[in-house]
Amino acid sequence: MTTFDTLFKQGKESEAFISTGTPEQIADLRRWQALLESQTGAVENALASARQLTGHFRLLVAAEMWCPDCHRNIPPLALLCQRLPNVEMAIITRDEAQPFTELLHVDKVKIPFAVVLDARSTPLGTFIERPASVVNGDETQLEAYRRGDLLAETISDITAILAGH
């Protein structure tokens with residue numbers, strides 16, 4: 001049986017993952033990254049609850065560079081890891097993440113799919129495809145997500161998992 005440790009070790013760092021995209025895909029992801037970097041207040045608010053956390057955490061992320069939701073969500077996940085030195089990330093492909101179906105008892109791997117792991121590689125929670133406010137929201141939330149207004153929500157979802165462990 002494949003373990004989270006094995007999957008994490010075969011993953012790529014965010015810049016290595018991004019470099020696998022076409023020039024157009026990379027440009028799209030960089031556009032979301034620049035927009036996120038301009039949202040300083042929202043990012044700081046999203047990180048606030050996790051700044052006091054002790055211990056080591058890992059994000060194991062299934063993603064593909066052809067996926068628009070990955071373009072929106074990889075930059076916030078990478079920024080979270082940059083700002084919180086006790087959190088590291090590895091990115092694997094959707095095909096490599098197929099063990100998630102058995103390990104996490106899900107029907108299929110939607111991307112991006114982030115598993116938040118503690119120091120012992122125990123899953124603490126997941127982020128799947130879009131922030132919870134969008135998944136549980138209405139058309140207004142979806143439009144805000146599509147415009148890039150909710151990029152920091154991805155950070156908030158992950159920090160909520162971290163803070164709740």
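The exercises below work through aromatic pairs, a nonpolar core, a strand with its neighbours, backbone exceptions and cysteines in one predicted model.

Residues are numbered from 1 along each chain as its sequence is written, and side-chain values use heavy atoms, with hydrogens and water left out. Since the model is predicted, local features need pLDDT of at least 70 and side-chain atom pairs count only at pLDDT 80 or more, while totals for chains, interfaces and linings use all residues.

**Exercise 1. Aromatic rings**

Solution. Begin with the criterion: rings of Phe, Tyr and Trp (its six-membered ring) pair if their centres lie within 6.5 Å, and planes under 30 degrees apart count as stacked, over 60 as edge-to-face and the rest as tilted. Next, locate the partners: phenylalanine 4 belongs to helix α1 (residues 4-10) and phenylalanine 100 to helix α6 (residues 100-103), so the pair ties together parts that are 96 residues apart in sequence. Helices (H or I, at least four residues) and strands (E, at least two) are DSSP runs, numbered from the N terminus.

The other pair joins phenylalanine 100 and phenylalanine 113, with centres 5.0 Å apart and planes at 50 degrees, so it is tilted. Putting the pairs together, Phe4, Phe100 and Phe113 form a cluster.

For the surroundings, use the rule that buried means under 20% relative accessible area, exposed over 50% and partly exposed in between (1.4 Å probe, protein chains only). Phenylalanine 4 and phenylalanine 100 are both buried, the relative accessibility of phenylalanine 100 being 0%, and phenylalanine 113 is buried at 1%.

**Exercise 2. The nonpolar core**

Task: Which residues touch the most other members of the largest nonpolar core?

Solution. A nonpolar core is a set of buried Ala, Val, Leu, Ile, Met, Phe, Trp, Tyr and Cys residues joined through side-chain atoms within 4.5 Å. The largest such core holds 52 residues, and Leu59, Val61, Ile74, Leu80 and Phe100 touch the most other members. Helix α5 (residues 68-83) gives the most to this core, contributing seven residues. Taking leucine 80 as an example, and not counting residues up to four places away in sequence, its contacts (heavy atoms within 4.5 Å) are Leu47, Leu59, Val87, Ile155, Ile158 and Thr159.

**Exercise 3. Strand β3 and its neighbours**

Task: Describe how β3 is enclosed and which strands it pairs with.

Solution. Five of the five residues of β3 are buried, so the strand is largely enclosed by the rest of the structure. Phe113, Val115 and Leu117 point one way, whereas Ala114 and Val116 point the other way. For pairing, DSSP must find at least two bridges between two strands. Strand β1 (residues 57-62) runs antiparallel to β3 and is joined to it by five bridges, with arginine 58 opposite leucine 117. Strand β4 (residues 123-128) is likewise antiparallel to β3 and joined to it by five bridges, and here alanine 114 has phenylalanine 127 as its bridge partner. Finally, β3 and β4 form a hairpin with five residues between them.

**Exercise 4. Backbone exceptions**

Solution. Most residues other than glycine have a negative phi, and most peptide bonds are trans. Against this background, isoleucine 111 and proline 112 are joined by a cis peptide bond, with omega of about -5 degrees, and proline 112 lies in the loop between α6 and β3. Serine 121, although not a glycine, has a positive phi of about 65 degrees; this residue is in the loop between β3 and β4 and is buried at 10% relative accessibility. Glutamate 129 has a positive phi near 70 degrees, and at 26% relative accessibility it counts as partly exposed.

**Exercise 5. Cysteines**

Task: How many disulfides does the rule give?

Solution. A disulfide is a pair of cysteine sulfur atoms within 2.5 Å, and by this rule the count is zero. For cysteine 67, the nearest cysteine sulfur, that of cysteine 70, is 3.4 Å away, and cysteine 67 is buried at 5% relative accessible area. For cysteine 81, the nearest cysteine sulfur is also that of cysteine 70, at 15 Å.
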